[in-house]
Amino acid sequence: MRRFLVLIPLVLALALSIAPRAAPVCQGQTRLAACAECAFSTEEDFLSHGPTPPDGNPIISDGDLLSCKGAVCMRNRELVQRFDVTVDMGLDAVDILSVEKELVAFSTELNSPHGNFYHGDLLTTSGACIPNVALLRLFQVSGDRGLDAIHFVGKLDDILGFLDAIQRISRAEWLRDPGKLVTMLKEHQVDIWFSIEGTERVAATTAIYDGDILSAANGTVVATNADLMHASVPAGIPKRGIDYGLDALSGPRSGRREELRLSTEILHRGELAFNDGDILKFANGIALRAEELYKPFEPKADFVGTDAFYLYMEEKPMTVGGFMPHVLKYFQQRVQALRRAER
Amino acid sequence: MRRIINTLLLVVVLIATLVLMGPTGVGSQTTYPLEECARGCFSTEEDFMMMKGEPYDGNPYISDGDLLSFTGRVCARNADLLSRFYDGRPPADLGLDAVDILHVKDRIIAFSTELDDPRGRFTAGDLLFTPGYFIPNRALVYPFGITHDIGLDALQFRGPEDKVLAFVRSIPNLCANGWPGCLQSQLKERGIDIWFSVEGTVIRAGAPSILDGYVLSAAYGTIIAKQDALLPNVVPADIPQRGVDFGLDALFAPEIVTRVPPIYFSTEILFRGERLPFTDGDVLLRGDGVVLRNEDAIKLFYPAANFLGLDALDAGGPPPEEKVPHITHIGRQTVANINGGTVPVGGAGTGLAWYGSYWRPFGRYVAIHGEIPSGIDQFRVAYRKHDEARPANPATAKGIAVVSGAGWQVEEYNLLMSDCSGWAAYYSDGDGWYDAAEYRRLESGVGMPADCTSQLALTVWNSQGPGIDSEGHYRIWLQWKIGANIYEEAFDHHVQFDNKAPEILDLQIPGGACATYGPDDMPIMVRANFYDAHFLYYRLRLFGGNPPSSAWYPPVYHDTSAVDAVGPTGTGGATVNLHTVDMSVLSAGSVVTCAYGIMLWVEDSTIYGGFDPITNQLPWATTYESWKEITFDYMPYGP
């Protein structure tokens, strides 16, 4: 019996360690909480026949940030309000970094009417603006090449620290010294993975396509379009033949490529068919059908496109067959034995 | 040693030549094969490699900024389009979001890019022109009360080609004080317009919402077509009524000025309904669904996948054309062969056509063909009795109508199948007014890859229709509308109808019907009385015996013999001798004691037109005919 009592706290500890953890949310704090685990934006506007948004307007813009549960987390004007913009700018890429602080990184479809940001810039709801040329600095690309997907990589505290540090840097300062971004990313040990709208085959250090994942900190191609797709998909130029584009990207902060989720610019009708709104696994087919994403909003069509996507992904616990420490393996086996005995 | 020196000299000369020639990148192309896109072009959403063949510059890599033809050719690289903006050395591929080829020979193309100018001079929302100038996005959207750059996703110039080109060529000298407002004045003054769609959406209370799926007019600040007008009812398109904005990614409307022009377009997102599903790479026709699947548009580039999206679309420049609308044929006869076929208004004529050596009237369905040039909204063929004056008010004239209920269908190009297996409804309103653009599209293939119905009638006149004197003599002429104004052809075209078959009033043989003859009675005279206003000929047939046998006598035209008693209208109202018949014309073995008969066959000279609206068949032949028989007994050895 004593032995059993000793085991209980250990079992609880183990259970806590292996149970999937929810995203760090203060419930009810903001509407953004609804997007803490999964969020997206659409390619096109539509009328929601699901839950009426808090502002009473059932029209969903392709610039609004939506939760996968059917809530409007932020209207487009709320995303860009720190830039004094009141018109809809669209939403092309998103990464939710802190629900408590309502800190969202994103990019827009359109340039600011005031000229204080462009559609290729990386913006935050706190008002930071990293111009596109700074992201592409190490690729030696001049000019705005667009920004179609973003994903911050690193420890969350480091990412928040980085964002706090750049808060005071104006767009003009970045343009004067675009190389500063690389320095600051390295200082904070974070990276920004992103994709662009255009293709740069000549001026860049290496040819980059809009279907590649690029690293702002290292100036490298994290994953080519061919890497992202299943081998049966003719993705990648020049070898396989097609660039499918990369319209949305999310994954764990650790940067484990195998856990990435993404969507493409165009559909594919081959053996592993997918639409340009489906959420795909890294090199492994569909993770979530587009219609499932939009379903809570009950649009009149089952496809409205996916333009930005965010998924909270806690690091997976180590498994018995993996690198679980021996002591935890032991307790896990004990728990399983106890459960069998109880049955 | 001398050999080494010579070799070195050659190398030096070669290097010097190459240096003088300069880099030969894509950007330096000045003679790109734009002619390949004269009959239609597009761009894709994504880059790809040609797995077979190669473009004009030898590079199988195709960018989403390149201009491609439906025949599998690269007509212009993105660098070619941008060349004049960068002194021949564009910095990078900026994508291609919208296109309108305005003049192939002079390489004048209107387009927009996906990305902003790296040097900050233009944005992805601005309207660019290959000569190197642009109109800012804010000028396009100014009349909609939009003051920011909202992107440019599709584009179509509207108006006469010469006026559009004159406008484009003068752009560098226009609107020095700013484009917003000035652009609208310029477009209106010149009678042209720019139709376009935007990337963003403006939904506002108290003012019309502007969706990125709408076709907009830059000149007038109006919505040309909303989503619910572009897409069929089964698609839940438009906000807020039907529920979804499908976007508008590419556009072309082939006619210059029309009442309801066909609009070809593609959407931003796909639709998976059970009826009329489409992808965002398909070409759709307003209200009609898919006309070209994406895989068919791209297949001649041999990509590794069968979908690449569609980002820009155009049908090429208009063909040269006749400038004055006019009627060319009536009842399939050229007006030059009709008496009074083309006469000044009120001029004389009989309305008879010279065909097959005789003057002939028209009967049943009379197809009317003509030329309808661009720049016309609507046209109709008007008619009046030959002794009436033209109405002072052209709007009060009567038009020859074939309304939609007639079910007239015309073969058209099926972009999906790349052949002429498509069908389109063709009809007028109740007053006979037809859509000129639709006529030109169907008749001449304007805006289409091929011409499938090269002899489409302007209209088809039912000469036995309600209110029509089926034996009447009429004048017809062409009317057309440009805007609210009605214009008229400066000529009359006479048309004479004859829809009555010849009347055989009497047919006689000696002794009357059922008389009995023997060899001594032969030959016997056949007498008859028949009438037709446009009698052409008669002929007799003798038949009977055992086994049955028959023989036709040669036709006797009204002018065959000066001595017979028939004339242009028949027998002149009396029973007259035709000609004799004799049993010897029958096969000898058939002439036994038996019953025999004589048939009188009478034809008039009418050009008889058929009309099968379902298949657009307009068969025609000549004559109405009538016949009558009379019998007798014959005994070879005498009664």
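Biologist: Where is the place of B:His103?

Modeller: B:His103 is in strand β6 of chain B, which covers residues 98-103. Bear in mind that this is a predicted model.

Biologist: Is B:His103 buried, exposed or partly exposed, and how do you know?

Modeller: Count the C-beta neighbours. B:His103 has 16 of them inside 10 Å. Burial takes 20 or more, and exposed means 12 or fewer. The value of 16 falls in between, so B:His103 counts as partly exposed.

Biologist: What separates the C-alpha atoms of B:His103 and B:Leu165?

Modeller: A distance of 7.7 Å, although the two residues are 62 residues apart along the chain.

Biologist: Where does B:Pro303 lie, and what does it touch?

Modeller: B:Pro303 lies in the loop between α7 (294-298) and β18 (312-314) of chain B. B:Pro303 and B:Met51 are 252 residues apart in sequence, yet 5.7 Å apart in space, C-alpha to C-alpha.

Biologist: How many residues does each chain bring to the contact between them?

Modeller: Chain A gives 51 residues and chain B gives 51 residues. On the side of chain B that touches chain A, 26 are nonpolar, 13 polar and 12 charged.

Biologist: How many residues are in the largest nonpolar core, and which have the most contacts inside it?

Modeller: The core has 205 residues. Those with the most contacts inside it are A:Ala39, A:Leu65, A:Cys73, A:Val94, A:Ile192, B:Val99 and B:Leu251.

Biologist: Why do you place this core between domain 1 and domain 2 of chain B?

Modeller: Domain 1 (32-314) and domain 2 (326-496) both give residues to the core, so it lies between them. Apart from it lies another core, of 46 residues, with B:Tyr383, B:Ala436, B:Tyr439 and B:Ala457 among them.

Biologist: What does A:Cys73 touch?

Modeller: Among its partners beyond four places in sequence are A:Ala39 and A:Leu65. Others include A:Arg31, A:Leu32, A:Ala34 and A:Cys35.

Biologist: What makes you call helix α8 of chain B mostly covered?

Modeller: The helix spans residues 436-444, and nine of its nine residues are buried. They include the charged B:Glu438, B:Arg440, B:Arg441 and B:Glu443. The cover includes β25 (378-385), β27 (409-414), β28 (419-425), β29 (434-435) and β31 (473-482) of chain B. After the helix comes B:Gly445, with a positive phi near 70 degrees.

Biologist: Which residues of α4 in chain A are buried?

Modeller: In this helix, residues 156-166, they are A:Ile159, A:Phe162, A:Leu163 and A:Ile166.

Biologist: How do you know where on α4(A) its buried residues fall?

Modeller: Look down the axis. The buried residues fall within an arc of 95 degrees, so they line one face of the helix. What covers them includes β6 (93-98), β7 (103-107), β10 (149-153) and α6 (180-187) of chain A.

Biologist: What do the two chains contain overall?

Modeller: Chain A has nine helices and 18 strands. Chain B has eight helices and 44 strands. Buried residues make up 52% of the 343 residues in chain A. In chain B they make up 49% of the 639 residues.

Conventions:
Residues are numbered from 1 along each chain as its sequence is written. Chains are lettered from A and ligands numbered from 1 in the order in which they are written. This is a predicted model: local features need pLDDT of at least 70, side-chain atom pairs count only at pLDDT 80 or more; totals for chains, interfaces and linings use all residues. Two residues are in contact if their C-beta atoms, placed from the backbone, lie within 7 Å. Helices (H or I, at least four residues) and strands (E, at least two) are DSSP runs, numbered from the N terminus. A nonpolar core is a set of buried Ala, Val, Leu, Ile, Met, Phe, Trp, Tyr and Cys residues joined through C-beta atoms within 7 Å. Domain bounds come from an automatic or database domain assignment. The arc is that of the directions from the helix axis to the C-beta atoms.
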